[in-house]
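Here are my notes after going through the model you sent.

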Amino acid sequence: MNAMNDLSAEALRARIMQHLTFTLGKDKSHASIYDWRMAVSYSVRDLIVEPWFAATRKTYEAQGKRVYYLSMEFLIGRILEDAMVNLNLRDTMHEVLEAEGIALDDVIEDEPDAALGNGGLGRLAACFLESMSTLACPAYGYGIRYEHGLFKQTFESGRQIERPEDWLNQPHPWEFERPEARYTIPFKGSVGLIDGKPIWKPGESVYARAYDMPVVGWQGKWANTLRLWGAHPTDLFDLDRFNSGDHTAAAAPEALARTLSRVLYPEDATDSGKELRLKQEFFLTSAALQDILRRFLSEYDDLGLLSQKVAIQMNDTHPALAGPELMRLLMDEHGLEWDEAKTLAQGCLNYTNHTLLPEALEAWSTWLMGRILPRHMQIIERIDAEHQKATGCGPELCVIHHDRVHMGTLAFVMASHVNGVSALHSQLMRETVFADLDAVYPGRIINQTNGVTPRRWLRLSNPALSRLLTETIGSGWENDLDRLSELSKYEGDRSVRDAFGVAKRQNKIAFANWVKDQQGITLNPDAMFDVQVKRMHEYKRQLLNVFETIARWSAIRADPGASWTPRVKIFGGKAAPGYFVAKEIIHLINDVADTINNDPVTGDLLKVVYPANYNVSMAQRLIPAADLSEQISTAGKEASGTGNMKFTMNGALTIGTLDGANVEIREHVGADNFFLFGMTAQEVQERYCVDDHARRAILASQPLQEILQMLVEGRFSPADTGRYLGLVDATWKHDPFLVTSDFDSYQAAQADVDRAYADADHWNMLALRNIAGSGFFSSDRTIKGYMADIWGAKSLA
Ligand code: 26Q
């Protein structure tokens, strides 16, 4: 039963006016869009509280297993519209506000994105929370309440500039502060022995304070809690210093404590080894585990039941201190013996791996770990010793190796289940990075292919297509996405294909209007919208796409009268601030865009746009408008990808390699409906054995030589002709992600794309087949897999 269905426009209006008047203290004649957004948000939030309480009550009564998802990142985006969509309130809200002369879209867009994540891993956590609520899985998300989320990106003369993000400079209407839920988080100090028992005397500590956000599922039937921790000082204030006149120093303890939850680290694929990062990881992990144990002990008095009642998921190794910390709490605070503590911890814990790139695997120096967390270092050493003894493994397999604590090994050893995020990635885990551990712990590695929530990524972001889907296959696909397969019956129906074309065109016009507004660039909605949006990283090969763009431009200029398929190349994504090569590629894309967009010869046949500050909200505008989805990573490098899934379900076709979940997307939509190119993961490994692979590939490819020559001549940077010499040189000599080896194959696939797009009706049929095959990529399917294979948790629907 959905209470929201009964809510009339009049009742909703009354609630909003109540908040506007009494919560915001504003008369409607003076209310700003901000005031309306707050009043609207509080009114919607009020409607979630009831299912939220009901879920808590049912969870308590069921006495079943609870799931805890620990993640350093939750890349949520905007909350209001998602809540309205799930409560089926959007149309009523539109009506109510319209009567007041307020546009709902303006209110929605006034909300800052909650950007508490870098990219895929953080967005996956957000999709999982929503699916766990939709599926009535009793679950909690635990994360950090960063004051500043992922930096804002701007471009100055084509270069990326980072500015701090400041989402909490306004009240956050979706959170409930819980001053009573507070834990002490200890650091540093020393470990002594009293009566043969280790006693940790911390040298410093901070408080973790809870801030709760309800996460409501589809149709408002269930809401789980996302609990974010804010850091606060244990000693508020140095009063002596203040009284002696040193006002700045007096506030030092407070400032120091708060730095812990001040800002999200913007690296998404390199382990920086920074002390503050380690402290953040422990801060999250310890606060979450203390909270989990407190809740458990409020219901049960036998800690021996812990692993029957608690399942903990570690989102990558970032919370991998959960193993030693849970053991420490069980032993040092609750008096359990080592063996029982270890068995219980292992019974509760599970680990998801999101990358095999060596530079991203966390490994803390034993020196740093011992200094920040001396008690944990002892526990880790003993875990490692027992792991070595039990498996007889060599040094490479140890948790501690070359004076570093390898967090992947620690997480693996302390987990019941270890999972990869696509079939290929899980297989590569077994064959490469975790091959030896897989041999000594057989069966521990399993696969759970990622998914995305169709509520945000279809229903909310693509209303035009959503209406068509409901008209064609009926309602109910939103939480039963396999029903999209019923669309196959209509691929031969010209009116459905046309209707798809109309919906897509509508989305493209909306996006073109936005680009016009933002950048003054006019886009032709009849051109193919070819999109690559994701974090900037060499392995994702934005450079391959730029190279093809340059070759295309050059080819059109050579024969402008030929029958070219008009294209708009759209890029989006941020580079980690210290990632020099990624930033150089951003600069190149902007330089290429500048040159091409001002060329009257190519005109509407080719445009390049790179809107700054790609984020969740931009993705929601852009993905529904895409015709072509670029998923072109070096095979074996992209663990899964999740953007690839969003594009597919919005009716974009994929040009891609056999990497990550692309493999499964191709299986589900059909090989004829996917533009495949490039080497396989196996072939990539073999190519790496060829010393001068790049030189050979370039010498064998006329177009590649021309592209590199144009860069050498400074064709795209006339005022600074040497700008890309380094990039060209590195391409000839190193090309670590095999851009050159895959170039010809990519270019050929792009030519196939051009031909297919030229037949609009046929293209629409291919797009419909993609949508029909995309049901598997709902995160509801993924979460059902985790519940059944990993957590042993039951839906309480
Ligand atoms: C590690 C140490 C220190 C500082 C930062 C980090 C760090 C932070 C974030 C390392 C990695 C990340 C994020 C990784 C990530 O987003 N991986 C992506 O996860 C997606 C969800 O499973 C996959 O679809 C993508 O393929 C994968 O790249």
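1. One term before the rest: contact here means that heavy atoms lie within 4.5 Å of each other. Keep in mind, too, that this is a predicted model. With that in hand, take helix α22 (residues 542-558), which lies across β19, β20, β21 and β22 (628-631). The direction of α22 runs at about 155° to that of β20.

2. Now the sheet under that helix. Six strands make up an open sheet, ordered β21-β20-β19-β22-β23-β24, and the pairing is parallel. Which strands stand at the edges? They are β21 (606-609) and β24 (675-676); each has a single partner strand, so one side of each is left without a neighbour in the sheet.

3. Further in, strand β19 (residues 528-533) and strand β20 (residues 567-572) run parallel and are joined by six bridges. If you want a pair to click on, Gln532 has Phe571 in β20 as its bridge partner. Helix α21 packs on this sheet as well, touching β19, β20 and β21. Its direction makes about 65° with that of β19.

4. Helix α21 (residues 494-519) also has a helical partner, namely α20 (residues 463-473). Their axes are 9 Å apart and the packing angle is about 160°, which means that α20 is roughly antiparallel to α21. The crossing of α20 past α21 is right-handed. On the α20 side, the residues that meet α21 are Ala464, Leu465, Arg467, Leu468 and Thr472. They face Val496, Ala499, Phe500, Ala503, Gln506 and Asn507 in α21.

5. Two other helix pairs are worth a look. How do helix α12 (residues 322-333) and helix α15 (residues 374-391) cross? Their axes come within 10 Å at roughly 105°, so α12 is roughly perpendicular to α15. From α12, the residues involved are Pro324, Glu325, Met327, Arg328, Met331 and Asp332. From α15 they are Arg375, His376, Ile379, Ile380 and Ile383.

6. The other pair is helix α1 (residues 9-23) with helix α4 (residues 90-99), whose axes come within 9 Å and cross at roughly 65°. That angle makes α1 roughly perpendicular to α4, and α1 passes α4 in a right-handed crossing. Ala9, Leu12, Arg13 and Ile16 of α1 make the contact with Thr92, Met93, Glu95 and Val96 of α4.

7. On to the hydrophobic side of things. The largest nonpolar core has 243 residues, and Val44, Met132, Trp229, Ile312, Met369 and Trp791 touch the most other members. Helix α10 (residues 275-299) supplies the largest share of this core, ten residues. A separate core of five residues lies apart from it, with Met679, Ala681, Val684 and Leu738 among its members. Going back to Val44: leaving aside neighbours within four places in sequence, Val44 is in contact with Leu80, Ala83, Met84, Leu87, Leu89, Met93 and Trp174.

8. There is an antiparallel stretch to check as well. Strand β10 (residues 204-216) is mostly covered, with ten of its 13 residues buried. On one hand, nine bridges join β10 to strand β7 (residues 176-187), and the two run antiparallel; Arg182 has Arg209 in β10 as its bridge partner. On the other, eleven bridges join β10 to strand β11 (residues 223-233), again running antiparallel, with Ala208 partnered by Ala231 in β11. The hairpin of β10 and β11 has six residues between the strands, and Gln219 takes a positive phi near 65° there.

9. Finally, the loop between β22 and α25 (643-649), where Glu638 lies. Is Glu638 buried or exposed? Its relative accessible area is 15%, so Glu638 is buried. Leaving aside neighbours within four places in sequence, Glu638 is in contact with Tyr539, Lys540, Ser633, Asp659 and Gly660.

10. Thr642 is found in that loop between β22 and α25 too, and Thr642 is buried, at 10% relative accessible area. What does Thr642 contact, leaving aside its neighbours within four places in sequence? The list is Gly120, Leu124, Asn450, Gly451 and Val452.

Definitions and conventions: Residues are numbered from 1 along each chain as its sequence is written. This is a predicted model: local features need pLDDT of at least 70, side-chain atom pairs count only at pLDDT 80 or more; totals for chains, interfaces and linings use all residues. Side-chain values use heavy atoms; hydrogens and water are left out. A nonpolar core is a set of buried Ala, Val, Leu, Ile, Met, Phe, Trp, Tyr and Cys residues joined through side-chain atoms within 4.5 Å. Buried means under 20% relative accessible area, exposed over 50%, partly exposed in between (1.4 Å probe, protein chains only). Helices (H or I, at least four residues) and strands (E, at least two) are DSSP runs, numbered from the N terminus. Two strands pair if DSSP finds at least two bridges between them. Axes are lines fitted to C-alpha atoms, for helices over the stretch in contact, and angles run from 0 to 180 degrees between N-to-C directions. Angles under 35 degrees count as roughly parallel, over 145 as roughly antiparallel, 65 to 115 as roughly perpendicular and the rest as oblique. A crossing is left-handed if the near helix is turned anticlockwise from the far one by less than a right angle, and right-handed if clockwise.
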